[in-house]
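Take a short walk through this structure. We start with some terms and then move to the cores and a pair of helices.

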Amino acid sequence: MDAHPPKSFQSFPVMQYTTYQFRIKDSTSGKHLTRMGYSCNFVWNYCNEVNQERWKKFRKTFTNFELNKLTAGCSKDLGIAARTIEAVCQEYADKCKQHKMIRLKWRSRKRSLGWVPFKGNTVKVKDDTITYYGHTFRFWLSRPIEGVVRFGSFTQNSKGHWFVNLTMEVADSGRIKTGKECGIDLGLKTIATLSDGVEFSRENLTKKYEKKLAMAQRARKKKRVTAIHAKIRNKRRDWNHKASTRLVQEYDRIIVGDVSSSKLIKTRQAKSVSDAGWHGLKQMLAYKANRLGVEVRVVKESWSTVTCSSCSKRTGPRGLGHLAVREWVCSSCGSTHSRDVNAAKNILLFSLSGMTGQLREASTI
Ligand SMILES: [Zn+2]
């Protein structure tokens with residue numbers, strides 16, 4: 001990620017674009033989307049053909065404007081919205097320009113995945129349905145939709161499932177500052193423990209699917225193995241998304257320790273370490289914070305578990321061997337600590353005083 005916010009951020013602080021993707025329910029996508037995809041291929045290939053011919057005769061190519069004129073009026077015959085045809089032409093012209101080509105790849109029914117672009121005003125989105133050119137498709141509303149649809153597309157993946165991608169114009173996030181800050185201790189049993197005692201945990205996904213995975217592997221069912229891996233990945237990602245969103249909404253300033261999974265991966269907990277997915281969580285935190293103007297920092301977390309957060313003497317349990325110790329009493333000041341909350345408190349303290357290690361930009365996570 002870039003250290004500076006993207007340019008569009010600086011010059012247009014009020015409006016932002018966000019793209020959402022939703023899976024269309026198979027029962028409603030049916031043949032309509034596939035047929036519309038074919039029509040888009042037809043427009044694309046037509047552009048490709050006329051472009052080549054013009055080049056052969058006049059050594060000139062068509063601009064987007066000219067392609068629009070050529071393809072105008074065939075919306076009804078093709079069964080797609082006029083604005084979709086325009087969008088295909090635009091994409092074609094842009095790609096030609098970008099790659100400095102007069103001829104692009106043909107879009108074929110067999111090789112190309114379905115693609116139907118549209119402009120925002122050609123679709124109507126209501127709850128979990130989207131109406132496009134007289135057809136209503138239902139999708140899995142996996143998250144609330146905010147803002148106005150500017151443009152979007154229906155796309156198909158290699159498994160043949162259809163998705164709708166909506167690029168929304170969202171007014172300024174409107175995030176009200178909460179004035180709260182927190183340190184986060186990333187762990188295995190509890191994935192994130194905050195300095196104020198809040199815990200974020202989930203089941204160990206690797207463990208949960210271990211048996212199923214082993215069974216599929218023994219039976220040499222390659223497809224099944226891939227599917228299970230995909231499921232674990234999706235679940236972990238989904239959890240990370242939810243946790244990071246909650247964090248950036250609640251805190252103005254978030255400090256994370258630079259926990260090294262490479263050190264822990266050599267221990268008996270290797271599986272849990274890779275299951276925790278700290279890296280993904282940190283990355284999501286960084287980009288979401290950037291979007292909302294929240295500060296995320298990484299601080300060196302050495303000594304965070306050993307140091308007492310009340311008197312800052314190093315009286316806590318040491319080393320990997322003491323990972324089992326969940327609670328301890330400081331021998332110097334007598335305060336009782338929960339191991340993880342104490343570590344999180346220290347991470348926050350380190351960032352304030354610069355006691356241990358240096359602060360680093362969130363982008364270097
Ligand atoms: Zn103490």
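Buried means under 20% relative accessible area, exposed means over 50%, and partly exposed lies in between (1.4 Å probe, protein chains only). The model is predicted, so local features need pLDDT of at least 70, side-chain atom pairs count only at pLDDT 80 or more, and totals for chains, interfaces and linings use all residues. Residues are numbered from 1 along each chain as its sequence is written, and side-chain values use heavy atoms, leaving out hydrogens and water.

Begin with Ala289. Its relative accessible area is 1%, so Ala289 is buried. Ala289 sits in helix α10, residues 278-292. Helices (H or I, at least four residues) and strands (E, at least two) are DSSP runs, numbered from the N terminus. Beyond its neighbours within four places in sequence, Ala289 is in contact (heavy atoms within 4.5 Å) with Val248, Val294 and Val296.

Next come the cores. A nonpolar core is a set of buried Ala, Val, Leu, Ile, Met, Phe, Trp, Tyr and Cys residues joined through side-chain atoms within 4.5 Å. The largest one has 37 residues, and Ile130, Tyr132, Phe154 and Val164 have the most contacts inside it. Helix α2 gives the largest share of this core, seven residues. Another core lies apart from it, with 24 residues, including Trp239 and Leu285.

Finally, look at α6 (205-218) and α7 (222-250). These helices pack at an angle of about 170°, with axes 9 Å apart. Axes are lines fitted to C-alpha atoms, for helices over the stretch in contact, and angles run from 0 to 180 degrees between N-to-C directions.
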